[in-house]
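Trainee: Hi! Could we go through this model together?
Mentor: Happy to. Let's open it up.

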Amino acid sequence: MRKCLLCNAPLKFIKFKCRDGHVCKSCYEIVSLNFTQTIKSKSYEELIQLYKHHDIFQEENSFEITRKINQLILFDDSRKRFCLPNHPKYSNENLKPEIFPFSIIGCCTIIEDEEILNEKNKCLGTIKVTIFMKQENPVSRDIYLVKNPIEINSIAFKTMQILARKIKEEIETIQNGVISC
Ligand SMILES: [Zn+2]
């Protein structure tokens with residue numbers, strides 16, 4: 001019997017094809033980011049990366065998600081912390097998921113870059129949210145909502161614009177100490 005490429009479980013009727021073999025349903029759920037991404041063209045190496053990423057995240061089980069904005073930012077209101085999953089799709093750096101206390105939140109900016117493609121008269125754009133953390137060595141983290149330029153009139157772009165504003169709003173609400181649970 002064939003085995004799951006990631007966890008070695010024997011595969012029955014339900015299996016999902018990737019470039020180097022098949023994975024079982026529970027692994028598929030993880031590497032397809034809750035069934036939102038296809039894995040057909042992904043290699044073993046790519047999938048195992050996603051799989052490990054998930055594992056690391058699960059280990060932080062003391063983090064209780066009370067609110068979240070998609071998979072972009074998660075909040076644990078009872079412990080007053082937030083988590084940046086730093087998923088490769090939304091991050092430019094190769095970072096593990098990180099947890100920060102509310103108390104070090106600095107400001108938050110949205111940067112939208114737009115460029116006009118003259119030939120087609122289309123306007124493409126990217127969206128990035130940057131959160132600044134006040135600590136001894138200040139750091140900032142970028143969330144790339146739209147990493148590769150897409151048409152700014154598209155629904156995808158507009159959806160991400162709304163999410164970017166939502167993140168900024170949440171961050172500012174926490175900063176102002178008016179957290180409604
Ligand atoms: Zn599996």
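Trainee: Is K80 buried, exposed or partly exposed?
Mentor: K80 is partly exposed, with a relative accessible area of 46%. Buried is under 20% relative accessible area, exposed is over 50%, and partly exposed is in between (1.4 Å probe, protein chains only). As for the ground rules, this is a predicted model, where local features need pLDDT of at least 70, side-chain atom pairs count only at pLDDT 80 or more, and totals for chains, interfaces and linings use all residues. Residues are numbered from 1 along each chain as its sequence is written, and side-chain values use heavy atoms, with hydrogens and water left out.

Trainee: Where does K80 lie?
Mentor: In the loop between β4 and β5 (81-84). Helices (H or I, at least four residues) and strands (E, at least two) are DSSP runs, numbered from the N terminus. K80 is not a glycine, yet its phi is positive, about 50°.

Trainee: And what about the phi of F35?
Mentor: F35 is not a glycine either, and it has a positive phi of about 65°. You'll find F35 in the loop between α1 and α2 (44-59), partly exposed with a relative accessible area of 44%.

Trainee: Switching to the metal: which residues are donors of the zinc ion?
Mentor: The protein donors are the SG atoms of C4, C7, C24 and C27, lying 2.3 Å from the zinc ion. Donors here are N, O and S atoms within 2.8 Å of the metal (3.2 Å for Na, K and Ca); water is not among the atoms, so sites may look incomplete.

Trainee: What geometry does the site have?
Mentor: Tetrahedral, with angles of 105 to 116° among the 4 donor atoms. Four donors get that label if all angles lie between 85 and 135 degrees. The spacing of the donor residues in sequence is C-x2-C-x16-C-x2-C. C7, in the segment before β1 (16-18), and C24, in the loop between β2 (21-23) and α1 (25-31), are 17 residues apart, and the pair links distant parts of the chain.

Trainee: Now the core. Which residues touch the most other members of the largest nonpolar core?
Mentor: I73, F82, I131, I143, L145 and I167, out of 28 residues in that core. A nonpolar core is a set of buried Ala, Val, Leu, Ile, Met, Phe, Trp, Tyr and Cys residues joined through side-chain atoms within 4.5 Å. At least two residues come from each of β4, β5, β7, β8, β9 and α3, and α3 gives the most, with 7 residues. Apart from this core lies another of 14 residues, including V31, I39, L47 and L50.

Trainee: How long is α3?
Mentor: Helix α3 (residues 155-175) has 21 residues and reaches 30 Å from its first C-alpha to its last. That is close to the 30 Å expected at 1.5 Å a residue, taken as 1.5 Å times one less than the number of residues. Its buried residues include F157, M160, L163 and I167. Just after α3, G177 takes a positive phi of about 70°.

Trainee: Last one: what does H87 touch?
Mentor: L33, L50 and H53, not counting residues up to four places away in sequence. Contact means heavy atoms within 4.5 Å. H87 is in the loop between β5 and β6 (98-101), and H87 is buried, with a relative accessible area of 11%.

Methods. Four donors count as tetrahedral if all angles lie between 85 and 135 degrees; four count as square planar and six as octahedral if opposite donors are over 155 degrees apart and all others between 65 and 115; anything else is irregular.
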